[in-house]
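Subject: The structure you asked to see

Hi,

Have a look at it first, and then read on with the viewer open.

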Amino acid sequence: VKFVYDFTEGNKDLKDLLGGKGANLAEMTNLGLPVPPGFTITTEACKVYLDSGEEPAALRDEVSAHLDALEQKMGKKLGQADNPLLVSVRSGAKFSMPGMMDTVLNIGLSDKSVTGLAAQAGDERFAWDSYRRLIQMFGKTVLGVDGELFEEALEKAKKTKKVTVDTDLEAADLKKLVTTFKKIVKTEAGRDFPQDPREQMDLAIHAVFDSWNTDRAKLYRRQERIPHDLGTAVNVCSMVFGNLGPDSGTGVAFTRDPASGHQGVYGDYLQNAQGEDVVAGIRNTVPLAELEQIDKKSYDQLMQIMETLENHYKDLCDIEFTIERGQLWMLQTRVGKRTAAAAFRIATQLVDQGLIDEAEALQRVNGAQLAQLMFPRFDEAAKVEKIGRGIAASPGAAVGKAVFDSYTAVKWSRSGEKVILIRRETNPDDLDGMIAAEGILTSRGGKTSHAAVVARGMGKTCVCGAEELEVDTKRRRMTTADGTVIEEGDVVSIDGSTGKVYLGEVPVVPSPVVEYFEGRMHAGADDADELVAAVHRIMAYADRVRRLRVRANADNAEDALRARRFGAQGIGLCRTEHMFLGERREYVERLILADTDEEREDSLKALLPLQRKDFVELFEAMDGLPVTVRLLDPPLHEFLPDITELSVRVALAESRKDANENDLRLLQAVHRLHEQNPMLGLRGVRLGLVIPGLFTMQVRAIAEAAAERKNAKGDPRAEIMIPLVGTVQELEIVRDEAEQVIAEVQAATGVELKLALGTMIELPRAALTAGQIAEAAEFFSFGTNDLTQTVWGFSRDDVEASFFTAYLEKGIFGVSPFETIDKDGVGSLVRNAAKAGRETRPDLKLGVCGEHGGDPESVHFFHEVGLDYVSCSPFRIPVARLEAGRAAS
Ligand code: PEP
Ligand code: MG
């Protein structure tokens with residue numbers, strides 16, 4: 001095997017082997033773009049090193065051969081005293097990964113070659129500055145010295161000299177600083193800073209390999225589901241310098257605006273500086289457009305290169321570049337990150353430019369981005385004071401009073417206040433406060449911090465790592481960069497989609513994308529309209545190619561109508577239990593308490609017309625589309641008063657000797673129906689089999705409603721669904737009763753009714769015996785909520801608040817199995833049950849109506865296992881449509 005590739009030998013498709021950075025450097029080299037020469041050590045070498053603790057035997061010689069070739073090309077030798085070649089060593093995995101070592105620059109400098117560099121550049125200050133940067137970076141990332149120590153020494157040097165910026169330190173000062181830095185290395189790392197350039201390079205390479213396995217990198221991979229065995233590549237690249245004077249500089253550029261997608265000149269430039277100066281914000285950058293005045297030749301060349309790159313990658317690219325004394329060099333490119341809105345716009349723009357086709361456009365956007373565009377957002381026109389910016393960790397727009405501890409968050413929210421929980425960082429003790437808050441703001445931590453992970457899991461707005469905000473939890477306040485103090489109770493607004501933090505209440509406006517789906521807005525000319533037009537086109541592509549149909553979980557006409565506007569092709573789950581609440585509770589109580597058949601029939605009779613009316617409305621709203629009505633599912637005690645409250649009431653009444661008969665009977669019933677595990681108790685089909693007349697009343701209501709709609713020239717398409725079935729025998733009994741009732745209604749009304757009868761598959765036994773169950777079912781709808789609960793043995797109502805946080809933090813899940821289908825466990829039951837069901841009944845209709853029906857990743861899975869439709873809450877319908885299209889294209 002070959003462990004080292006020259007930049008001329010690779011290409012962009014070798015990301016597995018060369019990492020993202022290395023593959024793209026090679027691609028640019030082969031496009032003839034000005035890339036400083038160098039080579040990439042493969043991920044394979046890294047894997048051998050990590051497995052065995054040693055580099056592969058052949059690596060040293062291969063690196064030597066490539067270094068020789070590089071030295072020849074450059075006409076100088078690594079660390080050569082009078083004319084040194086310097087290199088950077090950079091990590092570069094297949095996926096960019098925070099938590100891994102990034103870069104060591106200026107490798108090859110030593111006490112000897114520093115003078116060579118000074119002569120070469122004609123700049124002594126530059127040479128010593130480069131040397132102190134090397135010792136600092138090397139000390140920190142390769143030798144593990146605390147970076148603060150170098151920073152402190154640098155600050156001290158500036159103080160002594162009475163200057164404020166690094167650039168005011170002169171050669172002599174920097175020379176002294178080098179001595180100090182070397183001492184720090186010696187004391188802290190217990191060794192001298194290596195003077196041998198090859199040793200510097202080898203140690204840096206090993207440090208990159210080792211950084212694959214830091215705790216932070218491992219945690220990130222677990223959470224992002226990145227395999228642990230990929231390893232990282234190492235890029236060794238000849239140095240070019242942006243800090244050699246005013247005709248040098250460094251910058252970043254985008255081939256189009258990553259926020260809007262518009263074409264134009266986007267980026268920043270910093271004269272006379274190196275890359276990390278930009279990040280450190282030592283001086284202010286200027287907009288890239290100003291480079292045209294500073295250095296027209298490089299500017300024109302850069303514009304040319306950007307066009308080449310965009311046409312080549314057929315996508316938005318971001319770029320890092322350096323100008324060394326008027327010569328432009330490309331240091332990095334990759335397909336760039338973009339906002340959700342830009343993703344939709346760019347995809348359609350590229351179609352219009354003829355660069356990509358519609359199928360490819362669908363792959364350039366995703367459901368998570370669409371969901372983000374559907375959140376309400378802050379009114380951009382509002383006059384507001386921005387006080388900070390952090391990482392956009394979990395989208396949404398949240399407004400509330402600042403609170404600095406969990407206890408206050410809970411207390412205030414109980415009394416009806418909206419609060420934003422502000423912490424330096426959060427930990428599991430903050431969970432109650434996080435649940436109570438509208439949003440969470442932290443001053444520390446990144447996208448994988450506790451706050452970010454948990455907030456995303458809860459769908460809560462979160463901005464984390466807003467570092468310029470100083471949070472003082474003891475004094476319950478926060479101070480902004482300009483000294484403004486925000487006290488407990490002051491109103492703040494946080495934007496989880498941009499990371500921006502505002503003082504005061506920012507007005508919230510509905511998303512234009514939702515307005516569009518609601519039919520209240522049409523594609524036009526202004527900015528929001530442009531986005532809407534792009535969404536409209538992408539949705540049309542998705543609808544054209546998708547195989548999965550998309551239905552809604554809805555149980556009233558209002559939700560059904562909204563779902564229809566959002567593109568629902570029917571109702572996949574109407575939960576009838578809400579129809580038993582409110583004023584109807586009384587009838588249900590009577591039903592439960594009934595001692596005689598007569599009493600029971602009376603209460604059922606009272607419920608019948610109410611149910612029928614619900615269904616008439618629903619069938620009318622969904623006229624011409626299928627409506628799956630699920631018969632009553634939850635345990636009966638949910639319709640009765642709370643056991644403790646009722647006991648207290650009865651006890652008090654008894655002490656007053658005026659206990660009423662009905663309350664006593666009720667209490668008896670509550671006791672009788674009380675279950676330790678109601679989720680595994682008397683619910684679903686079990687209830688239907690135990691309470692005579694309950695399910696037949698519901699079936700009658702459905703059949704009569706359908707007949708009424710038909711008489712009104714409507715087109716009702718009702719389907720009757722039985723919940724919590726574990727065995728075909730249960731289903732057979734209910735089916736026979738239902739068929740009889742339907743026949744009676746047909747006879748009485750003279751209307752012919754075709755009502756499909758099917759079942760939910762939401763228990764492991766049902767999934768395992770799906771072949772038998774299909775004998776009695778015309779359709780299956782997978783209830784993946786209960787199926788996840790029963791397959792994992794997780795209580796769906798409790799886990800999120802108990803141990804899931806710990807599981808998410810430990811990376812056991814990247815995401816809750818109640819949110820994204822667990823493909824290997826629950827998913828494999830779904831796959832096998834679908835197959836077995838269709839073997840029994842080839843035209844068996846298959847759907848899913850658990851929460852997973854609207855989850856992007858799960859939708860792809862349901863497409864793949866051959867379901868006919870997914871059903872989800874009305875708001876998630878556009879996301880499901882889009883993902884179904886992406887899955888099929
Ligand atoms: C399910 O269990 O997945 C389901 C859709 O039913 P419910 O959520 O009402 O239990
Ligand atoms: Mg269920």
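Before we start on the strands: two strands count as paired here if DSSP finds at least two bridges between them. Please also keep in mind that this is a predicted model.

By that rule, strand 5 (residues 87-93) and strand 6 are a pair, running antiparallel with three bridges between them. To find the pairing by eye, go to Val-89, whose bridge partner in strand 6 is Val-104. Helix 3 (residues 59-74) packs on the sheet, where it touches strand 1, strand 2 (38-41) and strand 7 (232-238). The direction of helix 3 makes about 15 degrees with that of strand 1. Helix 8 (residues 197-211) packs on the sheet too, touching strand 2, strand 5, strand 6 and strand 7. For helix 8, the angle is about 15 degrees with the direction of strand 5.

And the sheet itself? It is an open one of five strands, in the order 1-2-7-5-6, with antiparallel pairing. Strand 1 (4-6) and strand 6 (103-107) are its edges, each pairing on one side only. From one strand to the next, the twist averages 20 degrees.

Around ligand 1 you will find Leu-573, Arg-575, Asp-633, Glu-762, Gly-783, Thr-784, Asn-785, Asp-786, Cys-849 and Gly-850. Sorted by class, that shell has two nonpolar, four polar and four charged residues. Strand 27 (571-575) and helix 31 (784-792) each supply at least two of the residues, and helix 31 gives the most, with three.

Two members of the shell also turn up in a record: the unreviewed UniProt entry has a "binding site" annotation that covers Glu-762 and Asp-786.

Taking them in turn, Glu-762 sits in the loop between strand 30 (756-761) and helix 29 (764-768). Is Glu-762 buried or exposed? A residue needs 20 or more other C-beta atoms within 10 Å to count as buried; Glu-762 has 27, so it is buried. Leaving aside neighbours within four places in sequence, Glu-762 is in contact with Leu-724, Gly-783, Asp-786 and Leu-787.

Asp-786 lies in helix 31. With 24 C-beta neighbours inside 10 Å, Asp-786 also counts as buried. Not counting residues up to four places away in sequence, Asp-786 touches Glu-762 and Leu-763.

Strand 31 (residues 779-782) is worth a look as well. Side chains in a regular strand alternate between the two faces of the sheet. In strand 31, Phe-779 and Ser-781 point one way and Phe-780 and Phe-782 the other, and all are buried. Strand 31 runs parallel to strand 30, joined to it by three bridges, and parallel to strand 32 (residues 845-848), joined by four. Phe-782 stands opposite Ile-761, and its bridge partner in strand 32 is Val-848.

Finally, the overall picture. The protein has 35 helices and 33 strands, and 49% of its 889 residues count as buried. Its C-alpha atoms fill a box of roughly 105 × 65 × 60 Å along the principal axes.

Happy browsing, and write back with any questions!

Definitions and conventions. Residues are numbered from 1 along each chain as its sequence is written. Chains are lettered from A and ligands numbered from 1 in the order in which they are written. This is a predicted model: local features need pLDDT of at least 70, side-chain atom pairs count only at pLDDT 80 or more; totals for chains, interfaces and linings use all residues. Axes are lines fitted to C-alpha atoms, for helices over the stretch in contact, and angles run from 0 to 180 degrees between N-to-C directions. Two residues are in contact if their C-beta atoms, placed from the backbone, lie within 7 Å. A residue is near a molecule or strand if its C-beta atom, placed from the backbone, lies within 6 Å of it. Ala, Val, Leu, Ile, Met, Phe, Trp, Tyr, Cys and Pro count as nonpolar, Asp, Glu, Lys and Arg as charged, and the others, Gly among them, as polar. UniProt positions are given in the numbering used here, feature names are shortened, and annotations may be inferred rather than shown by experiment. A residue is buried if 20 or more other C-beta atoms lie within 10 Å of its own, exposed if 12 or fewer, and partly exposed in between; C-beta atoms are placed from the backbone.
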